[in-house]
Amino acid sequence: PLPASVVDNLSVLEDEEGNSYIDEEEDYDYDYDFDTSYGKQHHYSQHKQQNTTTAQQHLTNRIWSKLNHTLSYSRIGSVIVRLAPCFWCTRKKFTLSSTTDRQILLRLNLLCAFFCIVQILCGLSLFIAKFTGFVEEENVEEKESNPDQNKNLVSLDFWALESFVYYLTVINFVLLVACGMAHRAIRDVNLVGSVRFMWVLFWLLPLQIFCMIGLFDANSVNKVTIKHFWDDPTLSFVREFFCEPDTANNKCMVPKLGGRNHANETEWCIQENNNATDCEDIRDAAQNAAILSSEILYTVNGVWALLLIVLMWVTLCLLQAIITLPIVQRSKESNIPLWLMLPIVGCFAVGYVLSYRNTSIDDLVKDLFWIALVYFISGGLFTLGAILGIVLKFYTVLNGRQRRVKQGLVIVFIATIFMTLLACSTIFVTSLMYYLQIVHLPEENFQRIACTLDMSGSCTGCHDEPQTCPEWSDEDVKKVSETIMKQSATLAAIFFVYAMITLRYGFVLFHYVSRYQIEYV
């Protein structure tokens, strides 16, 4: 508080609501001496600008402190735990004042385990439904009426939505095991176990985000899949459920445009089903119901994965607060190679999927070839960064010469990660331009692209020259291609974040090495 001699001389005004404030139009300049309780002499000089600036800073600090206190992860976790229905019947009710961060973290861990179990059951149910039809052999009549190849049970393509459900099943199984092992570590305040659980969350969170984004079907690629793979054995369970009784393996299987051996659906229906003419209507009604149901299924899985991401993020932040920031930072700095393992494996895997798989269209879309190539380059740069991280971890500084050597290594490390940032940015911008249709795909190659994408589906003219696929419309090709670009942009953004965090570590390390004041005697 200000001394009484100063307060008496201040021009205090009141606003319309009766709140008091100091008149800022006057310029105060006071010099005085007064005795404090410690008997020391203080000099006070107050100016208008200093007063205003200091007041603004105090106000900003108070607001920011209040905001951080209000939106702390401890409070967020407490709210989540108290609102979760599975904890409503517990004997001890959660209140913010009576709970510790460790108790909140234990219940957040249980919630994560519950979400994992539900996701695993959903993924297993979908896999079993597909697998039962996949292992059943087609009868001779089905093969003769529609002699195409069968679709793979699990596809690595970026536009196969069921694959994202399978990936989430594996990810959530790993997370479930980690939650089970971490529960005891959190309860017993086991620092080593808590740090291991933190790293599991660090690794799985980006994968969860990638699969979650993939399940939100903004381009309606699920409709394309069902239309063109409707007669595939992997969809036999779907046909049994949505087709009219006793039509799943005959009338309801009519291929698009009649397949290879028939001119149209009506001809196929007449020849294969005793002069029947209602095959197309039965199939279309069943497909519409299947498309609606599968869209709901994938969207619900995506929302469920999003909720789990929120739980994982709050759990991770609260866990780091319990472990304490210095230990977390030291663990990150000591495990840069482990931190970079995900982008290393991810870059090489994506480059392979985009360029070397039999469903790759990089030879038809030149920019996709360059995107795949830059992914390989990014993987190599991440690998080089990880190797430099290992060298920096074990290189000791005992004199000035060794300090200069380590500074040089750190500069090389920073330059490597900076080039990685540029590579990831290039991939992200290019993929986003195609996804947003700022740059259009080459329309003259649409038929060839369709043949490449649908090697085991409904295309009938892919063995001719030139290749044609009348079953696929240009809109179908655009939907699939844009979905591939969307997933590429998502991965590039994730790897960009990894590179940014690693680059920050490089600058911190450079500053730390520059301040070494050690001479070995």
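In the predicted model, V170 is placed in helix 6, which spans residues 161-187. The residue is exposed, with a relative accessible area of 54%. Together with F173, V174, V177 and M181, V170 forms a nonpolar patch on the surface, and the accessible area of these residues together is about 490 Å².

Two disulfides are present in the structure. One of them joins C243 to C252, with an S to S distance of 1.9 Å. The torsion about this S-S bond is about -65 degrees, so the link between C243 and C252 is left-handed. C243 is buried at a relative accessible area of 8%, and C252 is buried at 0%.

C269 and C279 are also joined by a disulfide, with an S to S distance of 1.9 Å. This link is right-handed, with 70 degrees about the S-S bond. C269 belongs to helix 10 (residues 265-272) and C279 to helix 11 (residues 279-323), the two cysteines being ten residues apart. C269 is buried, with a relative accessibility of 1%, and C279 is likewise buried at 1%.

The sulfur of C179 has its closest cysteine sulfur in C112, at 5.2 Å, which is too far for a bond. C179 is buried, with 2% relative accessibility. C211 is buried as well, with a relative accessible area of 2%.

D476 lies in helix 18, which covers residues 474-514. At 4% relative accessibility, D476 is buried. Its side chain makes a polar contact of 3.1 Å with the side chain of H228. Leaving aside residues up to four places away in sequence, D476 touches V224, K227, H228 and E471.

Terms used
Residues are numbered from 1 along each chain as its sequence is written. This is a predicted model: local features need pLDDT of at least 70, side-chain atom pairs count only at pLDDT 80 or more; totals for chains, interfaces and linings use all residues. Side-chain values use heavy atoms; hydrogens and water are left out. Patches are made of residues with over 30% relative accessible area and no salt bridge: like charges are joined within 9 Å, nonpolar side chains (Val, Leu, Ile, Met, Phe, Trp, Tyr) within 5 Å. Accessible areas come from the Shrake-Rupley method with a 1.4 Å probe; for residues, only the protein chains shown count as cover. A salt bridge is a side-chain nitrogen of Lys or Arg within 4 Å of a carboxyl oxygen of Asp or Glu. Helices (H or I, at least four residues) and strands (E, at least two) are DSSP runs, numbered from the N terminus. Buried means under 20% relative accessible area, exposed over 50%, partly exposed in between (1.4 Å probe, protein chains only). A polar contact is a pair of N or O atoms within 3.5 Å; within protein, one must be able to donate a hydrogen and the other to accept it, and residues adjacent in sequence count only if both atoms are side-chain atoms. Contact means heavy atoms within 4.5 Å. A disulfide is a pair of cysteine sulfur atoms within 2.5 Å.
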